[in-house]
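Please keep the sequence and the model in view while reading.

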Amino acid sequence: MPANLRELRDRKASVSTIKKLTRAMELIAASRIVKAQQRAQAAGPYARELTRAVSAVATFSNVDHPLTTEKADPKRAAVLLITSDRGQAGAYSANVIREGERLNQMLREDGKDVVPYLSGRKGIAFYTFRQREVAQSWSGDSDAPSFARAREMADALIEAFLTPTEDGGVDEIHIVFTRFVSMLTQRADVIRLLPLEVVEGEEAPAADDVLPLYEFEPSAEEVLDGLLPKYVASRIHYCMLQAAASELANRQRAMKSATDNAQDLIEKLTRDLNQARQAQITQEISEIVGGASALADANAGSE
Amino acid sequence: MADESAKHLEVALVAAERTVWQGQARIVIARTTDGDVGILPGHAPLLGLLQGGTVQVRTVDDEYFVAAAPDGFISVANDRVSILAENAEMGHDIDLEEARRELEEALATGSETDADADEVRLAEARVRAAEKTA
C-alpha cells in the first residue's frame with residue numbers, strides 16, 4: 001500500500017476522471033441504441049415487402065436464377081465478417097471474430113478456400129496483424145450503417161459470386177455478424193447469404209396469409225432479376241443493423257462495468273487515503289506527546 | 001360503409017431506411033418496364049419493375065402527388081399497393097433547381113460504369129418528380 005498521501009490523492013483524482021469518461025460513454029451508447037433500434041425498425045417494412053415479393057416470385061414461377069442455384073462442387077467460399085470500428089465494447093469484436101475463425105475452420109475442413117471480406121476496423125486490424133489476404137474491406141460506419149454501404153457490399157459480393165470460380169469468383173457467401181436478441185443477449189451468428197434460400201424469412205408468414213397469384217411485369221424472370229440483388233442488399237443491411245445495435249449494447253455494458261469498477265477503486269482509494277492520513281496524524285500526536293514527556297522528564301531531572 | 005372502404009387502395013411508399021408515405025389512395029399510376037399502369041381498387045395482384053422512376057398517386061382526399069422512386073418495384077395485392085425503392089422521395093421534398101444541377105453533374109460524369117449510370121437515373125427521376133409536382 002502506497003502510504004504517500006499525495007500519491008494516493010493523485011490516483012484517486014485520475015480514477016475519478018476515468019469514471020466520468022466511461023460514464024459518459026455509457027450514456028452515449030445507451031442513447032444510440034435507441035436510435036439503432038429505431039433504424040432497424042424503420043428498415044423493417046422494406047425488408048418485409050421485399051421478402052414477400054421475392055418469395056411470391058419464387059413460389060409461382062419455376063425460374064432458375066444464378067443467385068439461387070447451388071453449385072455442384074463448391075470450392076471457394078466468401079465470408080463477410082461484420083465487426084465494429086471502435087473498441088471499448090467488451091468482447092464484442094473478439095466474439096464475432098472467434099465465430100468467424102470457427103466458420104473458416106469448418107469451411108477449410110470441407111475442402112473450401114476461404115475468401116475474407118471484412119467490415120469494421122477491428123476485423124481489418126485482426127487480419128492485417130496476421131498478414132492474411134483480404135478480398136475487400138469496408139469501415140467507417142459500423143455503429144450507424146447506411147443502406148448505400150450495404151448496397152456497395154452487396155454489389156461486390158454478387159459480382160464475386162457471379163464470377164466463375166476459376167477466375168477468382170466464389171461459390172457461396174456467408175455472413176458472420178452479431179444478432180441483437182435483446183438488450184442483455186447478443187449472439188455471434190452465421191447465415192448463408194448466397195446461394196439464396198428465399199423461404200427462410202425473418203418472420204414466417206401467418207398461415208392464413210396465402211400469397212396471391214401475381215401477374216408479373218414484364219416477366220417473372222426479369223422481376224426476379226431485378227429483385228434478388230435488392231434482396232441481397234436488404235439482407236446485408238439487416239445484418240449490419242443488428243450488428244450495430246449489438247455493438248452499442250455491448251459498449252454500454254462494458255462501460256457500465258468500467259464505471260462500476262472505477263467507483264469501487266475510488267472507494268478503496270478513499271479508505272486508503274483516510275487510513276494514511278489518520279496514521280500520519282496519529283504519528284504526529286505520538287511524536288508531540290513523546291516530545292512533551294521527554295521535555296517533562298528533562299525538566300523534572302534538572303529541578 | 002363496407003362498399004366505401006373497398007374503394008380505396010392502401011398505399012405504402014417505402015424506401016430502404018424508412019417509410020416515405022403511407023395512406024389511402026384512389027389511384028396509383030406507375031411506369032413499369034412495359035409502360036404506364038394505372039392501379040385502381042380491385043386490381044389483380046401484380047409485381048412489376050418500375051422504370052423512369054416516378055409514381056403518381058391521387059389520395060382519397062383528392063390530393064395529388066408525385067414521388068421519385070428510381071429503380072424500384074411495385075407490388076399490388078388485395079388493394080394493398082407497395083412501392084419499394086431504395087431512394088424513394090416525395091416530389092415536393094425535392095428542390096428542382098438542385099436536382100437539375102445534380103442531373104447535369106451526373107450527365108457530365110457520363111454513364112460508362114454501372115454506378116455512374118445509376119446516378120444519372122436517380123438524378124433524372126428526381127428532376128422528373130420535382131417537375132411534375134411544380
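In this predicted model, the centres of domain 1 of chain A and domain 2 of chain A, taken over C-alpha atoms, are separated by 50 Å. Domain 1 is made of two segments of chain A, residues 5-27 and 256-292, while domain 2 covers residues 30-250.

The overall dimensions of chain A may be considered next. Its C-alpha trace spans about 125 × 45 × 30 Å along the principal axes. The radius of gyration of chain A is 30 Å, whereas a compact globule of 303 residues would have a value near 19 Å. Of the 303 residues in chain A, 34% are buried. Among the contacts in chain A with a separation of 6 or more, 78% are between residues 24 or more positions apart.

As to secondary structure, chain A contains six helices and six strands. Read from the N terminus, these elements follow the order α-α-β-α-β-α-β-α-β-β-β-α. One stretch of chain A also carries an annotation: the unreviewed UniProt entry places a "coiled-coil region" at residues 241-279.

Attention now turns to chain B and its strand β6. How many of the five residues of strand β6 (residues 73-77) of chain B are buried? Four of them are, and β6(B) is therefore largely enclosed by the rest of the structure. A residue counts as buried here if 20 or more other C-beta atoms lie within 10 Å of its own.

Two strands that pair with β6(B) can be described in turn. Strand β4 (residues 46-59) of chain B runs antiparallel to β6(B), and four bridges join the two. In this pairing, L46(B) has V76(B) of β6(B) as its bridge partner. Strand β7 (residues 80-84) of chain B likewise pairs with β6(B) in the antiparallel sense, over five bridges. Here V76(B) stands opposite V81(B) in β7(B).

Methods
Residues are numbered from 1 along each chain as its sequence is written. Chains are lettered from A and ligands numbered from 1 in the order in which they are written. This is a predicted model: local features need pLDDT of at least 70, side-chain atom pairs count only at pLDDT 80 or more; totals for chains, interfaces and linings use all residues. The radius of gyration is taken over C-alpha atoms; the globule rule is 2.2 Å times the number of residues to the power 0.38. A residue is buried if 20 or more other C-beta atoms lie within 10 Å of its own, exposed if 12 or fewer, and partly exposed in between; C-beta atoms are placed from the backbone. Two residues are in contact if their C-beta atoms, placed from the backbone, lie within 7 Å. Two strands pair if DSSP finds at least two bridges between them. Domain bounds come from an automatic or database domain assignment. UniProt positions are given in the numbering used here, feature names are shortened, and annotations may be inferred rather than shown by experiment.
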